[in-house]
Amino acid sequence: MSFTSALNSKDFVVTAQLSLADLANKAALERGAKVLASAVDAVQLPDSTEAHISGIAAAAILLQHGVDPVVHLNCRDRNRIALHKDILGAIALGAKSALIMRGKAIPDSKKQGVRSVFDIPALDFMAQLQKLKQDEDAPLNTDFFVGATGEVFDPSPDWTPRNLIKKCEAGANFVQTQVCFDLEVARNYMQKIVAARLTHKTRFMLALSPLPSATVARWVQDNVYGALLPDEIVVRLEQSKNPAQEGIDVCAELMREMAEIPGVAGVNLLNLGELDAIPTAIAAAGLASQD
C-alpha cells in the first residue's frame, strides 16, 4: 500500500523519517529501508543542510525495493526551475508524494559562502503544482499528493488557522507538523483545525519519536524548532532503569492516544536513536502497517 492510498483508506497512517545525513552509501540506505519497510506506510526522506545523498536518488533506491518514499523539497536551496525539475524527476521515478517546505535557515557553521535561494515561496510553488494537476497535458497526475508543513501550538480561543487555510486552498493534500509530545496541546490545536473544516479535504499528521534517553529529550527541547516535549516525559526517562525501552513505551502510548484525536490522520516518527526502536514502538502501539 502506498502513502497516498493509506491516507485515503486507513483511519491512522504511520510513516518514519530516514535521516539521509546518517547514511553513508546505498547499502546503508537499503539497510535502513529494510528495517522500516514492514512497519510503516511510507518512508520520508528529509531535505537538510547536511551533505548527503539527494532525496530524489534515495527515492529511486527505495522504490527499487518496494518502499514508498515521501520526498521532501525545500525552497531554501532551489529556484523554481530546480523545484520543477526535481518534482518531475521524482514523479518519473515513481514517487507519489512530496512534502514542500520553505526550509530552515542554514546554520552559520555550515554556510561558508553558501547562499539561500528562496526564489519562490512554498505556498506559491504548491499553487503552481495545483495548476499542473489541472492541466491535461501535465505529467503531474491528480493522484499525486502534495504536502505542507504546520506548527502545533496551544491556540487562543479566537484563533483562526489562516495560513493553513491558504495552504489547503493551494492544494495541500496533507499537512505535517513538528514534534509534539503534548497531548493536551495537540487536542486543542486539532479542535481548531476540525472546526475550520480543514480536515474535510486535507489530512493532518503529527510527529513523534521513540526517545532513547533523557539527554536526547533535553536536546530536543533545546534544539529542535517548535518541539513540544513536556518535562514530565524527560523525568520518566530519567527515572527509568531502561530509558530506551521507556522511550519506546512513551511513543507507543502517545501514538495510541493520537489515533483517537479527531482530525489526526497519522504520525511521522523521527529517528533520534536506534532505528530498530521505530518498528518496535509501532508494534507496541498495535499500529503496524497492513497491506
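**Ground rules.** I'm working from a predicted model, where local features need pLDDT of at least 70 and side-chain atom pairs count only at pLDDT 80 or more, while totals for chains, interfaces and linings use all residues. Residues are numbered from 1 along each chain as its sequence is written, and side-chain values use heavy atoms, with hydrogens and water left out.

**Ring pairs.** I searched the whole structure and got four aromatic pairs. Rings of Phe, Tyr and Trp (its six-membered ring) pair if their centres lie within 6.5 Å; planes under 30 degrees apart are stacked, over 60 edge-to-face, and the rest tilted.

**F3 and F174.** I looked at this pair and found it edge-to-face, with 5.0 Å centre to centre and 85° between the planes. F3 sits in helix α1 (residues 3–9) and F174 in strand β6 (residues 174–179), so the pair ties together parts 171 residues apart in sequence. Helices (H or I, at least four residues) and strands (E, at least two) are DSSP runs, numbered from the N terminus. Buried or exposed? F3 is buried at 0% relative accessibility, and F174 is buried with 0% too. Buried means under 20% relative accessible area, exposed over 50%, partly exposed in between (1.4 Å probe, protein chains only).

**F153 and W159.** I noted another edge-to-face pair here: 4.9 Å centre to centre, 80° between the planes. F153 is partly exposed at 31%, and W159 is partly exposed at 21%. Ring pairs link F153, W159 and Y189 into a cluster.

**R102 and F118.** I found R102 over the face of F118, 4.2 Å from the ring centre. For a charge to sit over a ring, NZ of Lys or CZ of Arg must be within 6 Å of the ring centre and within 35 degrees of the ring normal.
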